[in-house]
Amino acid sequence: MAQDSVGFSSDYQFWLQKLSVWDQASTLETQQDTCLHLPRFQEFLRQMYEVLKEMMKAKKILIWCLCCLINKEPQNSEESKLNSWTRGLLSHILSAFRFDTKEVGLFTQGLGYAPADYCPGLLKNMVLSLASELRENHLNGFNTQRRMVPEKIRFLSRVCIPLVTLPDIEPLVEALLTYHGYEPQEVLWPEFFDAVNEAFLLKKISLPTSAVVCLWLRHLPSLEKATLHLFDKLISSERNFLRRIECFLKDSLLPEAACHPAIFRIVDEMFRCALLETDGAPEVLAAIQVFTWCFVEALEKKNKQLKFTFKTYFPYASPSLIMVLLQHPKEIPQELWHQPLKHISEMLREIVEDQTHGSYGGPFECWFLFIHFGGWADIVAEQLVMSEAEPPEALLWLLAFSYSPRDRSLQRTQTMIEVKAVLGHLKKLFRSPTLSAKDLQAAAAESRDRDPRPPLCQQLIRRLILNFLLWAPGGHVIAREVITLMAPTDELTYEMTGLLDQTLYRWDHLCMEAPRSRKLARELLAELRSAGTAR
Amino acid sequence: MESLLQHLERFSELLAVSRTTHVSTWDPATVRRALQWARYLRHVHSRFGRHVRIRTALERRLQKRGRQDGAPGSAPVPGLTNFQALGRCDRLLSLRLLENRALGDAAYHYLLQQLFPGPGVPDADEETLQGSLVRLARRGSAVHMLRFIGYGENSVLEDAVLKTQAELLLERLREVPKAEAEGPSRFLSTLWDRLPQNNFLKVIAVALLLPPSSPRPQGEELELGTPKTPGEGGQELIRWLLAKSDVMAAFCHNLPVGLLTSVAGRHPELSRAYLGLLTDWGRHLRYDLEKGTWVGAESQHVSWEELYGRFQSLCQAPPPLKDEVLTALESCKAQDGDFQVPGLSIWTDLLLALGSGS
C-alpha cells in the first residue's frame, strides 16, 4: 500500500497538470491527447475513488496527497489560490472538533484549553454516553430517560462504519453489537458487521468474546468469513503442527463461540465441506480434531452458564454414542481403555451396518462424527500394538473403519484380516532382543497370494509400525533405519511427521508419561523435519 | 537548571508568537529551529518525568508564567501551563503553525515536509508527531460524525460536552497551588466574573456529580505522584459555592430541578443550603384568598408551582435526602403553628400537596 500511495501522489500531480492543459486549449492535438489518455485516466479515477473511500481509515494518505499540492513558491495568483485552498482543507482535516456554541468555546478558552486538548476526552465521553444509552442506563442520574428509536440506532451503526478501527470507539461498537431491541428485524446496518468483522480478523480492534459472538450470531456472512480466514491460516503450504493449530483456533475465538449451537453447526458444516472437497485431507482432519478439543474445553468451562444438550450440537447422531465419545480418556485408567473403545466400535458398527440407514445417517455421517474425537482412533492403533493379547475384532473393525469408512463389508473384513496378520507378527517381535529392521519389514510385507493392499490399508500398516517402534523396548535402536525404509518419498515423510506430531500432541493432552517413547518420538520428528527442509 | 528554565521561557514566548501574524517573517530555518526546541523540551519531559525536584521547579515556573496577571488564582493562558503539557509541546506548536494563515508558503511547505514525511519513511510507532497529529484528526472527525446522533433537546452531545467541561474544570482546580489557601476560591471567582454564567453553573453541577474516583481524563500519559487526590476538586467547589451566596442563589435558581436534586443528594452540605434557600423563598409567599393560591409579593419571588415542583423532586429522591426534606418541612410547619387546614401556612399546604405517600 505504501508503494501505491507514492505512485498515486505523483500520478495525481501528473493528472492535475494534464487537466489544466486540456482545460485551457482545445486544439486537435489536445483532443487526440485526451482520447489517448482516457483509459488511463479512468483507471486513475477508479484508484482515487478507492482512496477516498478509505478516507477515514487512511487519513494519512489523504494528508500526504494534499501536502504534495502545496507549492512552496507560488508564481502567480492561481497557484496562490490553490495553496490557500489546500491549506484550508488541511487545516480543516487536522483541526480537532471545535465547539460551535459560543458559551462552551468561551469556557474552554477561559480555562486555557485548546480543542486539541479536550478532543480526546470529549470523544471518550460521547462514546460512553452513547454506549450507555444503548444499554438503557441512566447517566449519573441527571438525565431524563431517553429511548433511542431504531432508526437512530441504524444510523449510528452506519456512522460507525469508517470509525471502527479507532480504538476510542470500541465501547460503542461493543454496545451496538450486544444491543437487543424489541424489533423483529435486524436494526443494524449490514456493512457495519462487515467492517467490524474485518477489523477484528485483521486485529485492528479488540473486542470481548461476547461481542464477537453477538456479531457472528447476527450476521452469518461474518461468521463464514471468519471461518474461511481461519482455514486460510490452518491449511497453508507449510505443515502446521497441532500446537500451532491450537493457537490459531483459540486466537480466532471460534471454539469458544461454538459453544452456541447455531455457530457450532455452521462451522462444523464448513469443516465438513472442506473435508469432502479435499477428499479427507489429513490437515483438515487434524484441524477438526483440534477444533473439537478446544470446543469441548470451552464448553466445560462454560458448563454453568450454557445449558444446551449435546443433541443441539450433533442433531444427527445417537446421543449415547456422543456421550461415550465425549469421555475424556484421561479420566479412565489406561488398562480400561478397551471398554469404551469396544463400546464405540459396537455402536458405530450397528449404525453403519444398518441397511435402512436409520435416523443417524450413513457411514460417512458416522465417520465424520467419529473423527471429531479423533483421539480415539489413534488410541486404538496404539492399544492394538501394545497389547499382548489377541486383538479383539471390535477394535480391528474400528481401526479399519476410521481409515476407510466407505469400504464395503467385504473389503473391510479383508483389511481386518491383513491387520490381524501383521499384528500377529509384530507381537512376536515386540520383546525380541535381536530386533532388526529386516524383521520388521518382513512382518509388514504383503502376502503374495492376496490382492495388493489398497493405499489406505498401507497407511494403516505404516501407522502400526510407527507405534511399534515407539513402544517396543528395542524399537529405538532400529527406528531410523526402519523409517528410512518406510518413508523414502517426501509424501511419506510428510505422513510420518504428521503421525508423530499427532502422537506427541495426544500424549501431552492425556498427560501420558512414557519418557523413553516420548524422547524417541521427539527426536524422530526433529530429524524428519530437518530432512524435509534439507531436501 | 537555569539554562533549562530559560529555554522554557523562550519557548513559551515562541509559542505565544506562533499564533500571531508575526510568523509571516519566519522562513524554513526558523521553523526548523522552533521544531527542534519543541523536540528538546519533549525530550526533557520524558527524561525528567520521575525527577521530582526538576519537575516541580519547571511546573512552578510554567504556572507562574501561565497566569494572565502573574497572580496565582487568576485564569490561565492557553499554552504550556503544566509539566504534562511539555510532553505535547511539539504537537501544540505544530497545530498553531498549521492553522496560522500568516505563515509564508515556503515556511509552511517546510513544516509539512517535517510533519508528514510521506510513505517512504517508516512510521515506526504511533508516538511520532505524525502519528499523534493523524490520530487527533481522526478523533476530531469521529466527534464530528457522532454529533449527528443528536435527537431532540437533550442530545448526547450536550451531556458529553458538559461532562468534558466538568473534567477540564476539575483538572485546572487540581493545578492551583495548594500553598495558598485562597487560591482555588480566587480562581473560581475569576472564572465566575469572566465566563458565561449559566453554562458555568451547569458545569459545576455536573462536576459535583462525577464519580469520585475519576482519573485524569485529558492526559494521555499516566502521571506519577499526582499531588492532589481526585474529589478534592469537588470539595473546593462546594466550599466556594457556600461562601458566595449570590452564586449559590443563582445555582439553585437557574439549574434544572432534577439536576439540583441529584447534586443535593450527593452532597449533604449543599442540600442543607438548598433547603435553607427554599424555605427562605417559601416565606416570601402570601396566600391570596381571591385566587385561592399562594403568590409572591414581588415579581422576582419564586412562584408556588415552582416551589412545589422543587419539593416534589426532592421528595422523589432516595433517603436520606427525602427524609431530610420532609423533616425540614414538618419543622417549618410546626414553627408556623402546626395548622392542619390549608391556606394558613405554606408548609402545611406543601405537605398536603406532596401527599403522605411521597
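Predicted model: local features only at pLDDT ≥ 70, side-chain atom pairs only at ≥ 80, totals over all residues.
Accessible areas here come from the Shrake-Rupley method with a 1.4 Å probe, and for residues only the protein chains shown count as cover. Residues are numbered from 1 along each chain as its sequence is written, chains are lettered from A and ligands numbered from 1 in the order in which they are written, and side-chain values use heavy atoms, with hydrogens and water left out.

Let's start with chain A. Its accessible surface is about 27000 Å², and carbon and sulfur atoms hold 56% of that. You'll find 27 helices and zero strands in chain A; helices (H or I, at least four residues) and strands (E, at least two) are DSSP runs, numbered from the N terminus. Of its 535 residues, 51% are buried, where buried means under 20% relative accessible area, exposed over 50%, and partly exposed in between, with a 1.4 Å probe and protein chains only. Among chain A contacts (heavy atoms within 4.5 Å) with a separation of 6 or more, 69% join residues 24 or more positions apart.

Chain A also has a domain 1 (122–218) and a domain 2 (408–534), with bounds from an automatic or database domain assignment. Their centres, taken over C-alpha atoms, are 55 Å apart.

On to chain B, please. Here we have 17 helices and two strands, and 51% of the 358 residues are buried. Its accessible surface is about 16600 Å², with 53% belonging to carbon and sulfur atoms.

Now for the inside. A nonpolar core is a set of buried Ala, Val, Leu, Ile, Met, Phe, Trp, Tyr and Cys residues joined through side-chain atoms within 4.5 Å. The largest one has 216 residues, and those touching the most other members are Leu172(A), Phe192(A), Trp216(A), Phe116(B) and Leu146(B). Helix α15 (residues 282–301) of chain A gives this core its largest share, 11 residues. There is also a second, separate core of 64 residues, including Leu210(B) and Tyr274(B).

What does Trp216(A) touch, leaving aside residues up to four places away in sequence? Its partners include Phe200(A), Leu223(A), Leu254(A) and Ile263(A).

One last stop: Leu16(A), which sits in helix α1 (residues 2–24) of chain A. Why does Leu16(A) count as partly exposed? Because its relative accessibility is 33%.
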